[in-house]
Amino acid sequence: MDESCGKCIPCRAGTVQMHHLLTKILDGKATLKDLQKLEELCDMVKNTSLCGLGQTAPNPVLSTLRFFRHEYLELLRPESAPAPVKSATTPEVSTHA
Amino acid sequence: MAAKTLTIDGKMVGAHEDQTILEAARDAGIKIPTLCHLEGLSDLGACRLCLVEVKGSNRLQPACAIKVAEGMEVQTHSERLQKYRRMILELLFAERNHVCAVCVSNGHCELQNLAIELGMDHVRFDYRFSGFDVDITHNRYGLDHNRCILCTRCVRVCNEVEGAHTWDVAGRGADARVITDLKQPWGEADSCTACGKCVMACPTGALFYKGSTVAEMERDRTRLEFIVTAREKKQWIV
Ligand code: SF4
Ligand code: SF4
Ligand code: SF4
Ligand code: FES
């Protein structure tokens, strides 16, 4: 996270929170709410950042969420994951999940 | 000076060609939220709170930095924009330490006011708990980095109005911080004339008069406007 120059807020603070949420998911500490937050944040950072860095930084997260959503869901805290985990055959783009 | 006609939130508005969307909206009585903008200083479009939807453009545009154009159709308060604005505020509150209850600016803070105005009543992101220093080496003013939102109003007012250029931004991303001169303590920054303009321009409790305690830090922005009008329009009458 050394790339943001820090001039605009969505990129400066948004990428930090994105990284934090992703780490939380990888550590198995995240809930479905965190996943929704991550999606909302990515949408916001993409659409409000000042330059191309912030506007594209969320892309890898958004595309993995689209194509490998099941992997994210599998990493959520067991009590918060939706009961039967959906397969990856239907890509979903909704930002509200 | 040519006039332009545009619509803002469905309202027909006339504006001078060199006005920004923000100025045209303000003249029409439409308030767009801002943080980095300060009347009389150059605009840089950093806080992104003033983003508006302009028909025909697929990107959101900063109202403070974009000039009006003939036939422009602008939306300033769509649900999507309000949601983004609240989220930007949440990011700011989570980024450093904003404990309003013990802050010099409590009750007079532009960040706090915007949170109230836009209905940002809780922060969903985890707080980062910045552990930056507080610089109280200047004999009249203090700086608490933990309340700074990096709007650079201090940088611009000191450079553009006072002409001292004491402030700058050092570091990048989350580590970015405002510095005085070559990063020495403010009290040792020789270029500072102790005019206090940066303190008057700061929207938060980051810059304050020494000796002010909780909620005592009120700013006199009319003095700042007075100086700018005097310089730009050569008018000394208030
Ligand atoms: S700077 Fe404003 S938002 Fe931050 S703690 Fe002080 S009053 Fe609250
Ligand atoms: S007091 Fe005046 S000269 Fe000193 S840093 Fe602030 S604006 Fe610049
Ligand atoms: S010290 Fe105040 S005016 Fe300067 S960048 Fe920080 S918040 Fe803005
Ligand atoms: S006021 Fe326009 S981007 Fe900050």
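Leaving aside its neighbours within four places in sequence, which residues is Leu111(B) in contact with?

**View 1. Leu111(B) and the residues around it.** In this predicted model, Leu111(B) is in contact with Leu35(B), Leu89(B), Leu92(B), Phe93(B), His98(B), Ile149(B), Pro203(B) and Thr204(B), once neighbours within four places in sequence are set aside. Leu111(B) is buried, and so listed along with Glu110(B), Gln112(B), Leu114(B) and Ala115(B), in H3(B). Those buried residues of H3(B) pack against H2, H4 and helix H6 (221-233) of chain B. Just after H3(B), look for Gly119(B), which takes a positive phi of about 75°.

**View 2. The largest nonpolar core, with 43 residues.** Step back from Leu111(B) and you'll find that it belongs to this core, where Leu38(A), Leu41(A), Leu35(B) and Leu111(B) touch the most other members. Chain A's elements giving two or more residues are helix H1 (9-26), helix H2 (32-48), helix H4 (59-67) and helix H5 (69-75), while chain B's are helix H2 (79-95) and helix H3 (110-117). H2(B) supplies the largest share, 9 residues. Domain 1 (3-77) and domain 2 (83-232) of chain B both give residues here, so the core lies between them. There's also a second, separate core of 28 residues, including Leu38(B), Leu143(B), Cys154(B) and Met217(B). In soluble globular proteins, nonpolar side chains tend to be buried together.

**View 3. The shell around ligand 2.** Here 14 residues surround the ligand, and the closest are Cys158(B), Cys192(B), Cys195(B), Gly196(B) and Cys198(B). Two elements of chain B, helix H4 (153-162) and helix H5 (197-201), each give two or more residues to this shell. Sorted by class, the shell around ligand 2 has 9 nonpolar, 3 polar and 2 charged residues.

**View 4. The shell around ligand 3.** This time 13 residues surround the ligand, with Cys148(B), Cys151(B), Thr152(B), Cys154(B) and Cys202(B) the closest. The shell around ligand 3 divides into 10 nonpolar residues, 2 polar and 1 charged.

**View 5. Ser4(A), in the segment before H1 of chain A.** Is Ser4(A) buried or exposed? Its relative accessibility is 6%, so Ser4(A) counts as buried. The side chain of Ser4(A) reaches the backbone nitrogen of Gly6(A) at 3.3 Å. Beyond its neighbours within four places in sequence, Ser4(A) is in contact with Cys11(A), Arg12(A), Thr15(A) and Leu53(A), and also with Arg172(B) and Gly173(B) from chain B.

Definitions and conventions: Residues are numbered from 1 along each chain as its sequence is written. Chains are lettered from A and ligands numbered from 1 in the order in which they are written. This is a predicted model: local features need pLDDT of at least 70, side-chain atom pairs count only at pLDDT 80 or more; totals for chains, interfaces and linings use all residues. Side-chain values use heavy atoms; hydrogens and water are left out. A residue is near a molecule or strand if one of its heavy atoms lies within 4 Å of it. Helices (H or I, at least four residues) and strands (E, at least two) are DSSP runs, numbered from the N terminus. Ala, Val, Leu, Ile, Met, Phe, Trp, Tyr, Cys and Pro count as nonpolar, Asp, Glu, Lys and Arg as charged, and the others, Gly among them, as polar. A nonpolar core is a set of buried Ala, Val, Leu, Ile, Met, Phe, Trp, Tyr and Cys residues joined through side-chain atoms within 4.5 Å. Buried means under 20% relative accessible area, exposed over 50%, partly exposed in between (1.4 Å probe, protein chains only). Domain bounds come from an automatic or database domain assignment. Contact means heavy atoms within 4.5 Å. A polar contact is a pair of N or O atoms within 3.5 Å; within protein, one must be able to donate a hydrogen and the other to accept it, and residues adjacent in sequence count only if both atoms are side-chain atoms.
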